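Dear colleague,

My notes on what was found in it follow directly after.

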Amino acid sequence: AVDISKLRDMSGVITLDPGYKNSGSCKSEITFLDGELGILRYRGYSIEELAEKSHFLEVSYLIIFGELPSVERLEQFENDIRKFTIVSEEMKIILDGFPRTAHPMGVLSSLTSALTAFNPKSVDADNEKEMYDAVCKTIAKFLVIATWTYRKSMGYPLNYYDNTIGYVENFMSLMFKLPNGPYSANPIVIDALDKLFILHADHEQNCSTSTVRMVGSSHAGLFASISAGVSALWGPLHGGANQAVLEMLEEIHATGGDADKYLAKAKDKNDPFRLMGFGHRVYKNFDPRAKIIKKAADEVLATLGVNDPILEIAKKLEASALEDEYFKSRNLYPNVDFYSGIIYRALGIPTDMFTVLFAIGRLPGWIAQWKEMRENKEPIGRPRQIYTGYPLREYVKS
Ligand code: ACO
């Protein structure tokens, strides 16, 4: 007979850590983050330096392949991405099925998953060529379908990738180009977007990235894993916060600009409202990305000649929160989402596309983490639980 008490012993000790606040799930060489000192580095390079001197596809290459590319290597990478920018016409039929009112993140997650139907072969992460092609393919097609979610919501004809211009310029052209018209993007807008994409490119084991690794750990494909990451990012406690911040600031503005009223609401424990764009699981001093973005918001608005009262409200809210005992004692500081929406708004990006922009920026991080997880041959992710339900009950037919 089986000795149940022995089996129990064999199952070992379970560590209960809801929200994984203190649990590491993997070893990683990609991103270094020190929450106390406010340090963020990709592959050893400081985020400040990369945002200042590099550009998005170069940083994407660095994050995914581990080293900064030479000029020739980078050019080749950009050309290889261009080879995959065509998205099957049949994807349009899937897109057509969505109502125009659908949130772009829901549509993006579905379309990313649908890409598996057109690329059914699972990528062998140990095969360098296959993995490289999968990286280029994902970076190319994700941008196109991400912008299609906007064109669909507006009822506009879809645009196609223009192989004569750069990746970030293509984002603007895919979004806003008129039929048959050329699109010439404002270089200030392109620079600002490029910087924002760099700042979002990876952030170690956050909710969406852990989701990508977890889904991929069952050997589900890259598109399927990234589609799950998009869904995780959508939530207002994660990437969806950039949309929520702007809606909150607009509401404060529309109701007379009383920031302190919202601060009081956020402190009221009987009110579920939280100050969106404030607080972070890991940064308990400041978010280094928020610092760069705040400065960029000032610069971009000044250069574009935009005078946005929302920026003033944001600054007032931040100043009051930084002086407030509730926020100080809990180490709640502005995070990456607090000022990014103000820049997106100044660049003419519609509010419900903000989180899609976050996803475009985060894509290289998701790919790199998926690749690393598969190359390291990590086991399937499968946490345990502490069961708190009924003991054995007898079934009685009613
Ligand atoms: N407004 C008011 N109070 C807050 C806020 C906030 N934005 N954030 C945290 N708190 C309070 C909590 O109520 C809690 O108070 P208590 O100790 O009295 O119970 C304390 O601070 C700790 O908060 P937790 O929820 O335990 O912190 P956690 O690390 O789990 O959550 C999170 C971090 C989700 C980011 C949280 O700060 C939050 O909800 N912020 C607003 C949403 C947001 O901006 N999300 C974007 C994060 S960045 C990103 O994902 C890209």
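This is a predicted model: local features need pLDDT of at least 70, side-chain atom pairs count only at pLDDT 80 or more; totals for chains, interfaces and linings use all residues.

Is Pro104 buried or exposed? Pro104 is buried, because 25 other C-beta atoms lie within 10 Å of its own; the term buried requires 20 or more such atoms within 10 Å, exposed means 12 or fewer, partly exposed is in between, and C-beta atoms are placed from the backbone.

Residues are numbered from 1 along each chain as its sequence is written.

Surroundings of Pro104

Pro104 belongs to helix α6 (residues 104-118). Helices (H or I, at least four residues) and strands (E, at least two) are DSSP runs, numbered from the N terminus. Setting aside neighbours within four places in sequence, Pro104 is in contact with Thr149, Tyr150, Ser153, Asp352, Met353 and Val356, where contact means that the C-beta atoms, placed from the backbone, lie within 7 Å. Thr31, by comparison, is 73 residues from Pro104 in sequence and 28 Å from it in space, C-alpha to C-alpha.

The chain as a whole

The chain has 18 helices and 3 strands. For 398 residues, a compact globule would have a radius of gyration near 21 Å, and the 23 Å of the chain agrees with this; the radius is taken over C-alpha atoms, and the globule rule is 2.2 Å times the number of residues to the power 0.38. Along the principal axes, the C-alpha atoms fill a box of roughly 80 × 55 × 50 Å. Of the 398 residues, 43% count as buried. Among contacts with a separation of 6 or more, 76% join residues 24 or more positions apart.

The nonpolar core

In soluble globular proteins, nonpolar side chains tend to be buried together. Here the largest nonpolar core has 114 residues, of which Leu108, Leu143, Leu193, Ile293, Ile343, Ala359 and Ile360 touch the most other members. Such a core is a set of buried Ala, Val, Leu, Ile, Met, Phe, Trp, Tyr and Cys residues joined through C-beta atoms within 7 Å. Apart from its neighbours within four places in sequence, Leu143 is in contact with Tyr167, Asn170, Phe171, Leu174 and Ile360.

Helix α9 (residues 187-200) has 14 residues and should span 20 Å at 1.5 Å a residue, which agrees with the 20 Å between its end C-alpha atoms. The expected span is 1.5 Å times one less than the number of residues. α9 is mostly covered, with 11 of its 14 residues buried; Leu193, Phe197 and Ile198 are among them. The elements covering these buried residues include α2 (47-53), α3 (56-65), α8 (167-176), α14 (288-304), α17 (336-346) and α18 (354-375). Pro187, also in α9, counts as exposed because it has 9 C-beta neighbours inside 10 Å. Pro187 and Glu169 are 18 residues apart in sequence and 8.8 Å apart in space, C-alpha to C-alpha.

For α14, the 17 residues should span 24 Å, and the end C-alpha atoms are 24 Å apart, which agrees. Its buried residues include Arg289, Ile293 and Lys294. The buried residues of α14 pack against β2 (39-42), α2, α9, α15 (309-323) and α17. Gly305 follows α14 and has a positive phi, near 70°.

Backbone and exposed positions

Most residues other than glycine have a negative phi. Tyr20 has a positive phi, near 50°, and lies in the loop between α1 (4-10) and β1 (31-34). Tyr20 counts as partly exposed because it has 13 C-beta neighbours inside 10 Å. Arg43 also has a positive phi, near 50°, in the loop between β2 and β3 (45-46); with 19 C-beta neighbours inside 10 Å, Arg43 counts as partly exposed. Glu52, in helix α2, counts as exposed, with 11 C-beta neighbours inside 10 Å.

The ligand

Which of the 20 residues around the ligand come nearest? They are Ala241, Arg274, Phe278, Gly279 and Arg281; a residue is near if its C-beta atom, placed from the backbone, lies within 6 Å. The shell divides into 8 nonpolar, 8 polar and 4 charged residues. Ala, Val, Leu, Ile, Met, Phe, Trp, Tyr, Cys and Pro count as nonpolar, Asp, Glu, Lys and Arg as charged, and the others, Gly among them, as polar.

With kind regards

How values were computed:
Two residues are in contact if their C-beta atoms, placed from the backbone, lie within 7 Å.
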